[in-house]
Amino acid sequence: AQAYEARILGSDGVMRAQGRAALALDALPDVGEKLADVPVYRGDPLIERGGVRAPATRDGLEVVRKQGMRALEVQFDRNSDISLYSRDPNEMPALLQPGNGGFASAAYTLSLANWILGANVNLGPWIHVESDTRNYAAIPEGATLRVEASISQLFERAGHEFVELDVGVFLKPEVPVFHARHRAIYRLREPNETTARLSGTE
């Protein structure tokens, strides 16, 4: 099976970002191992508008991991804030233009993972680090989607606090269309922590 890889390099030649895609998981064995299982619809309770979100702390996210994350229900259409990845829809391929019968883009489905994290956790400054994703079906315009997630990992590295989500997106009724392992820094290390590490005084 063939795979496609793209890299973004800075002016100094250092790689800033990398992406890979393939039609078959056996072309990306490391991703296939993480996303081998098809996501299962659980029927998690929906997030309440204006509901209380957990603080972006280790203790706060440990509570979310134990109690479970609330689900999102969204509709993919031209009025969605994240349906477009270009200011000018005409710059997008016709296949991905909502309003013209287009389907949801990869940017849209990945943004749903960000949305469910932000809907459950009161995030301050944060960074999306990486995602492994698998698509099962195209999402047509007008589709109602259910987004469910759980916290699979919480850990610290170099002073940053990380969270990893297992995210499933489903077409109603309960048909899986997208699966992701989504990793983000939810708490950046303090500036004085950076200084201490650089000076070797921690």
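This is a predicted model: local features need pLDDT of at least 70, side-chain atom pairs count only at pLDDT 80 or more; totals for chains, interfaces and linings use all residues.
Local features need pLDDT of at least 70 and side-chain atom pairs count only at pLDDT 80 or more, while totals for chains, interfaces and linings use all residues. Residues are numbered from 1 along each chain as its sequence is written, and side-chain values use heavy atoms, with hydrogens and water left out.

Start with the core. The largest nonpolar core has 33 residues. Such a core is a set of buried Ala, Val, Leu, Ile, Met, Phe, Trp, Tyr and Cys residues joined through side-chain atoms within 4.5 Å. Buried means under 20% relative accessible area, exposed over 50%, and partly exposed in between, with a 1.4 Å probe and protein chains only. The residues with the most contacts inside this core are Leu-145, Ile-151, Val-163, Leu-165, Val-167 and Val-169. Two or more residues each come from α2 (58-67), β4 (72-75), α3 (106-120), β7 (144-157), β8 and β9 (175-187). Helices (H or I, at least four residues) and strands (E, at least two) are DSSP runs, numbered from the N terminus.

Take Ile-151. Leaving out residues up to four places away in sequence, Ile-151 touches Leu-61, Val-64, Arg-65, Met-69, Val-163, Glu-164 and Leu-165. Contact means heavy atoms within 4.5 Å.

Now look at α2. Its buried residues are Gly-60, Leu-61 and Val-64. They lie on the same side of α2, because they cover an arc of only 90° around the axis. The arc is that of the directions from the helix axis to the C-beta atoms. These buried residues pack against β3, β5 (121-122), β7, β8 and β9. Asp-59 and Lys-66 are exposed on the face turned away from the buried side. Just after α2, Gly-68 takes a positive phi of about 95°.

Ala-158 sits in the loop between β7 and β8. Ala-158 has a positive phi of about 55°, although it is not a glycine. Most residues other than glycine have a negative phi. Ala-158 is partly exposed, at 38% relative accessible area.

Finally, the rings. The charged end of Arg-157 sits over the ring of Phe-162, 5.7 Å from its centre. That requires NZ of Lys or CZ of Arg within 6 Å of the ring centre and within 35 degrees of the ring normal. Tyr-41 and Phe-170 form an edge-to-face aromatic pair, 5.4 Å centre to centre with 80° between the planes. Rings of Phe, Tyr and Trp (its six-membered ring) pair if their centres lie within 6.5 Å; planes under 30 degrees apart count as stacked, over 60 as edge-to-face and the rest as tilted. Phe-170 is buried at 2% relative accessibility, whereas Tyr-41 is partly exposed at 27%.
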